[in-house]
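Please look over the sequence and the structure below before reading on. The report that follows takes up a helix, the division into domains and the surroundings of the ligand.

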Amino acid sequence: MVIVAVALGCPAWTPGRHELKAWPKSKSGSCERRRRAVRTMMGSDPIRDWICGQGGASKITRISPVGGGCINTALRYETDSGTFFVKTNRDVGPAMFEAEAAGLEAMFATSTIRVPRPLKVGPLPGRGSYIIMEFINMGASRGGQAELGRQLAEMHKASSSERGFGFDMDNTIGSTPQPNPWTSDWVAFFQEQRLRYQLQLAEKQYRDYDIAEKGQRLVDKIPSLFRDVSDIRPCLLHGDLWSGNIAADERGAPVILDPACYYGHNEAEFGMSWCAGFGAGFYNAYFEVIPKQPGFEQRRDLYRLYHYLNHYNLFGSSYRSSCMAIIKQYTNLA
Ligand SMILES: Nc1ncnc2c1ncn2[C@@H]1O[C@H](COP(=O)(O)OP(=O)(O)OP(=O)(O)O)[C@@H](O)[C@H]1O
């Protein structure tokens with residue numbers, strides 16, 4: 001990691017071009033991006049103003065880049081009153097980080113699994129936005145699978161929504177918009193706001209009428225996959241739970257980051273399990289808190305399909321065959 005000490009003068013914020021658009025995370029983060037982000041921090045800006053105002057610091061002693069993310073620039077601010085974690089994005093306004101903060105706050109409020117406490121979101125002068133949150137010292141490893149499974153289930157169990165399925169605001173999954181209008185029926189929500197939304201996106205951006213048409217046949221069949229489930233309770237979901245968003249603090253306790261929260265069927269949380277590395281210990285611990293529902297295995301790929309479609313829409317054709325395989329599996333199409 002490149003560590004850059006920062007002078008604390010007060011020149012105006014200088015907006016630069018957005019640095020990158022890759023997702024998911026790769027280790028190929030550009031040094032230039034980091035240098036530019038840190039250079040941009042050198043001086044008076046809303047982040048510094050908040051940290052040195054409501055944040056309670058009188059001096060920022062060092063700003064250094066944090067690796068791992070791709071969509072945003074991540075920075076560690078060390079001060080005389082503690083350390084802050086900051087993400088900036090030079091392309092989008094505060095709505096994306098407001099939704100991230102609302103998700104973190106909702107998860108934090110369950111007092112179940114550790115998430116960073118969001119502190120401040122705002123616009124950057126000119127263009128872009130930032131989020132400041134609690135800095136968590138991450139441990140070397142990801143922590144115990146069983147503890148993660150148990151605490152995640154506790155979060156799902158502790159949460160409740162009087163407005164049904166959805167969230168107070170739309171958010172993003174990767175960089176794809178994720179609509180969350182409140183809906184009383186889970187199956188209708190998943191059909192319309194998750195699968196049909198992604199299928200329409202694929203049709204629009206790739207002119208992929210084939211996947212849209214075959215996918216629609218699956219969408220029509222979804223109610224039959226839920227006939228054995230008597231009651232679906234809206235649970236607060238992290239929404240994007242893959243290995244890049246799972247860590248552990250220095251005591252080894254699980255930490256989950258960078259959510260795309262909404263209230264949904266708890267099983268939808270496992271939609272990214274194909275790149276989350278959940279093992280038997282994770283699932284056993286989870287199901288001890290929230291028992292497995294009838295038909296769980298039959299729905300597993302349905303929930304994965306949402307994220308495969310999103311990867312297809314974000315990264316292109318290499319994910320198309322995985323999407324089609326799932327669609328065919330449910331529709332018996334050749
Ligand atoms: N509160 C925090 N305290 C310390 N480190 C953090 C914190 N939040 C995130 N990190 C670290 O910073 C990295 C980047 O954060 P994050 O995943 O939120 O960035 P992002 O650019 O929004 O990610 P993505 O590209 O996946 O959307 C994480 O992988 C994690 O290692």
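Helices (H or I, at least four residues) and strands (E, at least two) are DSSP runs, numbered from the N terminus. Just after helix 3, Ser-111 adopts a positive phi of about 50 degrees. This is a predicted model, in which local features need pLDDT of at least 70 and side-chain atom pairs count only at pLDDT 80 or more, while totals for chains, interfaces and linings use all residues. Residues are numbered from 1 along each chain as its sequence is written.

The expected span of a helix is 1.5 Å times one less than its number of residues, so the 15 residues of helix 3 (residues 95-109) should span 21 Å, which agrees with the 21 Å between its end C-alpha atoms. Among the residues of helix 3 that are buried are Met-96, Phe-97, Leu-104 and Met-107, where buried means that 20 or more other C-beta atoms, placed from the backbone, lie within 10 Å of the residue's own.

The protein is divided into domain 1 (31-134) and domain 2 (145-331), with bounds that come from an automatic or database domain assignment. Their C-alpha centres lie 27 Å apart. The table gives the contacts, which require C-beta atoms, placed from the backbone, within 7 Å.

| Domain | Residues in contact with the other domain |
|---|---|
| Domain 1 | 17 residues |
| Domain 2 | 24 residues |

Both domains give residues to the shell around the ligand, so the ligand lies between them. Of the 21 residues around the ligand, Gly-68, Gly-69, Cys-70, Pro-116 and Asp-258 come nearest, a residue being near if its C-beta atom, placed from the backbone, lies within 6 Å.

Conventions
Two residues are in contact if their C-beta atoms, placed from the backbone, lie within 7 Å. A residue is buried if 20 or more other C-beta atoms lie within 10 Å of its own, exposed if 12 or fewer, and partly exposed in between; C-beta atoms are placed from the backbone.
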